[in-house]
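Subject: Model handover

Hello,

Here is the structure you are taking over. My notes follow below it.

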Amino acid sequence: MNSKLSDTILLASRAEARVIKTARDQSQWKVEETLENPNGRLRNRDINADKPGSSFAKFHTPAAGHTAHRLDGEKDPHEVKAAEFANRIAEFLEKQRHKNEINDITISCEPHFMGLLREAIKRKSNLKNVVWVKKDLLKVPLHDLPKYFA
């Protein structure tokens, strides 16, 4: 995918992130760190079990039928939890960069989460050498990953 292999690869989703250190000898690639976000796998109703919910519209019209409205004005709970996790990942990467443990990085994740992570990294990190790959590779076994980054 890129001509120069990054020294670090981050595979991320809204539920998990894995930091992989690369080497020329692909058999020496290793998982350095795993960050987990259990909220990334929950349903909205499980995230908001104790918060105000939705209400049906007061008036029923033939054209509109019954309409549900949020009572609290909040954003989608999954989106909020995913953005929080993206911020946590960005803070972790900045700490690693500050300790000189990351020189350059390739980040691979599904497109929607990539947008959240890009924004978080812009706000919370000074990472400069970032290659972005729009592909969720978290389920790919470690020994098969090198072919995606050759």
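The accessible surface of the chain comes to about 9,400 Å², and carbon and sulfur atoms hold 49% of that area. Accessible areas come from the Shrake-Rupley method with a 1.4 Å probe; for residues, only the protein chains shown count as cover.

Some ground rules. This is a predicted model: local features need pLDDT of at least 70, side-chain atom pairs count only at pLDDT 80 or more, and totals for chains, interfaces and linings use all residues. Residues are numbered from 1 along each chain as its sequence is written, and side-chain values use heavy atoms, with hydrogens and water left out.

Overall fold

The chain has three helices and seven strands. Both are DSSP runs numbered from the N terminus: helices are H or I with at least four residues, strands are E with at least two. Along the sequence the pattern reads β-β-β-α-β-β-α-β-α-β. The chain has 150 residues, and 39% of them count as buried. Buried means under 20% relative accessible area, exposed over 50%, and partly exposed in between (1.4 Å probe, protein chains only). Take the contacts between residues at least 6 apart in sequence: 61% join residues at least 24 apart. A contact means heavy atoms within 4.5 Å.

The sheet

Five strands form an open sheet in the order β3-β2-β1-β6-β7, with mixed pairing. Its edge strands are β3 and β7 (130-134), each pairing on one side only. Two strands pair if DSSP finds at least two bridges between them. On average, neighbouring strands here are turned by 20° against each other, direction ignored.

Strand β1 (residues 8-12) runs antiparallel to β2, joined by five bridges. A hairpin links β1 to β2 through three residues. Thr 8 stands opposite Lys 21 in β2. On to the next pair: β2 and β3 (residues 30-36) are antiparallel over six bridges, and Glu 16 stands opposite Glu 36 in β3. At the other end, β6 and β7 pair in the parallel sense over five bridges. There, Ile 105 stands opposite Val 130 in β7.

Look at β2 (residues 16-21). Six of its six residues are buried, so the strand is largely enclosed by the rest of the structure. Glu 16, Arg 18 and Ile 20 point one way, Ala 17, Val 19 and Lys 21 the other, and all are buried. In a regular strand the side chains alternate between the two faces of the sheet.

The helices

α2 (77-98) lies across β1, β2, β3 and β6, running at about 140° to β3. Axes are lines fitted to C-alpha atoms, for helices over the stretch in contact; angles run from 0 to 180 degrees between N-to-C directions. The axes of α2 and α3 (residues 111-124) come within 8 Å and cross at roughly 45°. The two helices are therefore oblique to each other. Angles under 35 degrees count as roughly parallel, over 145 as roughly antiparallel, 65 to 115 as roughly perpendicular and the rest as oblique. Residues in the α2–α3 contact include Phe 85, Ile 89 and Leu 93 of α2, and Phe 113, Leu 117 and Ile 121 of α3.

One backbone detail

Asn 100 has a positive phi of about 60°, although it is not a glycine. Asn 100 sits in the loop between α2 and β6 (105-109). At 63% relative accessibility, Asn 100 counts as exposed.

Best wishes
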